[in-house]
Structures are given as structure tokens and as C-alpha cells.
Amino acid sequence: QGDVLTVTELSEKLQLDQQKITNTRLFVSVEIVPLFLDNNQVEILVRVQERWYIFPIPIFKLADRNFTEWWVNQNRDFARVNYGAQVNHTNLTGRNDRFRVRAQFGFAKLFSFRYSVPYFNREQTLGFSISSSYTTTKTLSYASSSHRQEFLQSDDILRRLFTIGTGLTYRPSFFTRHFFSIGLSNQGIAQEVNDLSNNYFVNNSERQTSIQLGYSFTVDKRDYVAYPLQGSFFQAQFNQIGVGIYNDLSMFTTRLTYSRFNKTTERLYLAGRVGVYRNFADDIPYSNRKGFGYSQDFVRGYERFVIESDQLISFRGSARLKIFEGEKDLNQRSMIDQFRTLPFAFYVKAFSDAGYSGSPLLSSSANFFNNEWIGSVGIGIDIVSYYDFVMRLEYSINREGNSGFFFNVGSEF
């Protein structure tokens, strides 16, 4: 109230504020309308439709790294499926605080909870999170050969893992975050795992306990977090595993990520990402492996492989063309307003990826992709819909001439 702005400045601020409100992920729709009282005065109407916050969700998900790993390498084995139930509350006390509890069975048993709140002080700059989990599994990957995981299966439990941790968020401005974390991890494996892999933990041990300290710095200026079309994202992460008396292993890792998103025409959008990962430990146990094929590190066209190393660099780029977007009216007599409409958008895209991994880890063999540049090109369709849902249908050809159709969920353009 009381701001003095030009009409152009007002338009820019309203667009930015609409993006900010949308990125809280509290609302299905956000609309900001200027109401001009005369040539010099304007009132602002903010109209929002809240999301549905409580989700009891049945769990039925693949235990493998991705759909292609399960479909091709594991021969569509339904024994490699996790099932159970999860309850999410995405606005527990009305402050955008999130609570999740999960009970999972099947391929791996998992019991976990997590609670996070974005702020707890008057200035709304400090937030915190706490989480814990307990996992057991009777099927375990213990090594890699020819860039494919090798598994051991047993009637007995092969690994137990308990974790607990907490974090503190400092947010000095809307776009900038500092995150500090500390956690404890305690895990053990059966003797038969050690018989096959003497490097699953360091020093051929059957148990590994460690404290992990972490810090990350993030500048997030994306227009829409779930599926960004404009803006930028930068993050620097640093982690030390092994502190004080809980130092069965000592490992320091860093990760840098930068993404840029640009709108070139009314419907055409360009996106690019570069990521760098480095592990400075001399001895990296198989339990702490990283590489292409795990989590956020991937090169499209190599979904069937794991390329493990202590250092990685990757580039991803795409050009996306919006075909159409809209909103489908569902049952207007629904008692729940949040499910009366279904928003959707379709994009066709062309993409190109490249990556380089350093020397292979001791627990892997026949590593023909290490110390080599890999890359791919492809085309695809992205479907964006309700509650940040993004489905990617992609066809790619990699450097070796292998091609395939891949299905993934998430917005990694």
C-alpha cells in the first residue's frame, strides 16, 4: 500500500508476484487483477483457489532407478515393486509446513516421516526440517559390471539402514536460500554381501555409522518451479560424511548446478543445464556411489546404464514448443472445489545431452563409458497437469547409435 509505480512497473510486479504465489505450491490457480479507480490510483485484487492439502496415497512404485531399468534390465519383474501407504499434508498448520509419513513393503520395507516448516520467526527468514527413516531389504545391488547393477537376493535381510537428521533454512531474500543440515546414518549388511563385495563399506566392514554435515546455497528465479519456462536456477552443495567419533568413512563432496530458461517467441522456449559433481575421497565404498543413472545425474539415451565415478560433468539442453494448454471442467457438483477443473499443457521438444565421467570405482568392472564423453539427441512430448505433475515421453539416440523410447516423470526438460 502506498507504492508509486509506472504502469509498466506495475505490470511487471504483478506478473512476478503471481509467479511467487504460484511457487508456494499452496494454490491450484492464482489471479492478480488491477482495479483502476482513476488515472492515479489502483487497487489490487488477488484471487486464489487453494489446493487440496491432505493426500492419503497408496504406494505402488518400481524399486529400480527408472522405468527403463525395470522394463529392460529386470525383465518387468513385479517382485521388484514397492507397495504400501503414505499420508501427505502439505499445509499442516497453515504456514506451508509439510508433513509426510510412509509405510512401505514389498521389494524394500521402509518406514519414514518428515516435517518441514518454511519459517518460524517474525521476519520469516528461518525455517527447519526433521526426518527419520528405517529401511530393510532382501535384494541388494552389491557391484556393477558393464555399467549394469549386479543383485543378490536372499530370504533373509541383506541390509538395514536407519537415518535421522535435521536442517535449518536461512532465507535472507525471496529468491535466496542457505540450508544447513546434520544427520546420522547407521547401516549394516549381511556376511554374504561382504563375501561378494569387499568394498560395500570401507575396510571390508559389515557396519557403517557416520555423521553427515551439509550446506547448500540456492538462488532460484524460475517462473514456475514444477515446469520452468523462464528464469534461472543456481545451487552449490557441500557435504562432509564422517565427523567426530562417527567417522567410519571420511568423504567430502561438492555439486554445482546451473539452469537457464528463456522464452524466444510466444510458444517457443529454450532450456539449458550444466551440472558438476566431485567426490574427494580416496576410497569410495559401493554404498556411497554416485554416477550417471542415479538420482539427478543422467544423460538421456543411457537410462539402462549406471556410469559410476568420483567426478561427473553433464550438459542438457532442449527447445520446447507449446502445442496447446487449457482447462477441462470436471464434475461441477463436486463437493471439493479443488477437483472441479483439470488444467493441462502439452509441449513437443527436441533435446541434446552430453556428459563425462572420470575413473571408475573399485566396485565396478568392464567400464567402457568411463573417461569418455557420452551424448545423445532426441525428441519428446511433455505433459504438464494437476498438482505439479509432469510426464515426459522421449525418444533418443545415443552416441553409440542405440535408440529407444523412454518414459519418465519429472521436469528435467
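Q: What does Arg 399 form with Glu 400, and how far apart are the closest N and O atoms?
A: Arg 399 and Glu 400 form a salt bridge, with the closest N and O atoms 2.9 Å apart. A salt bridge here is a side-chain nitrogen of Lys or Arg within 4 Å of a carboxyl oxygen of Asp or Glu. This is a predicted model: local features need pLDDT of at least 70 and side-chain atom pairs count only at pLDDT 80 or more, while totals for chains, interfaces and linings use all residues. Residues are numbered from 1 along each chain as its sequence is written, and side-chain values use heavy atoms, with hydrogens and water left out.

Q: Is Arg 399 buried, exposed or partly exposed? And what about Glu 400?
A: Arg 399 is partly exposed, at 48% relative accessible area. Glu 400 is partly exposed as well, at 32%. Buried means under 20% relative accessible area, exposed over 50%, partly exposed in between (1.4 Å probe, protein chains only).

Q: How many salt bridges are there in the whole structure?
A: The search finds 16. Arg 300, Lys 349, Asp 353, Asp 382, Arg 392 and Glu 394 are linked in a network of them.

Q: Which residue does Arg 255 pair with?
A: Asp 297; their side chains meet in a salt bridge at 2.8 Å, N to O. Arg 255 lies in strand β14 (residues 246-263) and Asp 297 in the loop between β16 (291-292) and β17 (307-308), so the pair ties together parts 42 residues apart in sequence. Strands are DSSP runs (E, at least two residues) and helices likewise (H or I, at least four), numbered from the N terminus. Both Arg 255 and Asp 297 are buried.

Q: And what does Arg 278 pair with?
A: Arg 278 forms a salt bridge with Asp 310, the closest N and O atoms being 3.5 Å apart. Arg 278 is in strand β15 (residues 268-279) and Asp 310 is in the loop between β17 and β18, so this pair joins parts 32 residues apart in sequence. Arg 278 is partly exposed at 27% relative accessible area, whereas Asp 310 counts as buried at 17%.

Q: Switching to holes. How many cavities of 30 Å³ or more?
A: One. The largest cavity has a volume of about 50 Å³. On a 1 Å grid over the protein atoms alone, a cavity is a set of points where a 1.4 Å probe fits but cannot get out, and a pocket is an open set with protein on both sides within 12 Å along at least five of seven lines; lining residues have an atom within 4 Å of a point. Points are joined across faces, edges and corners, and a volume is the space filled by probe spheres set on them.

Q: What lines the largest cavity?
A: Its lining includes Arg 255, Asp 297, Phe 292 and Tyr 277. The largest share, four residues, comes from β15.

Q: What about the second largest pocket, how much space lies there?
A: About 1000 Å³. It has 30 lining residues, and the closest to its centre are Gln 18, Thr 22, Val 28, Tyr 224 and Glu 325. The elements giving two or more residues to this lining are α1 (7-22), β1 (27-36), β18 (311-329), β19 (341-357) and β21 (373-385).
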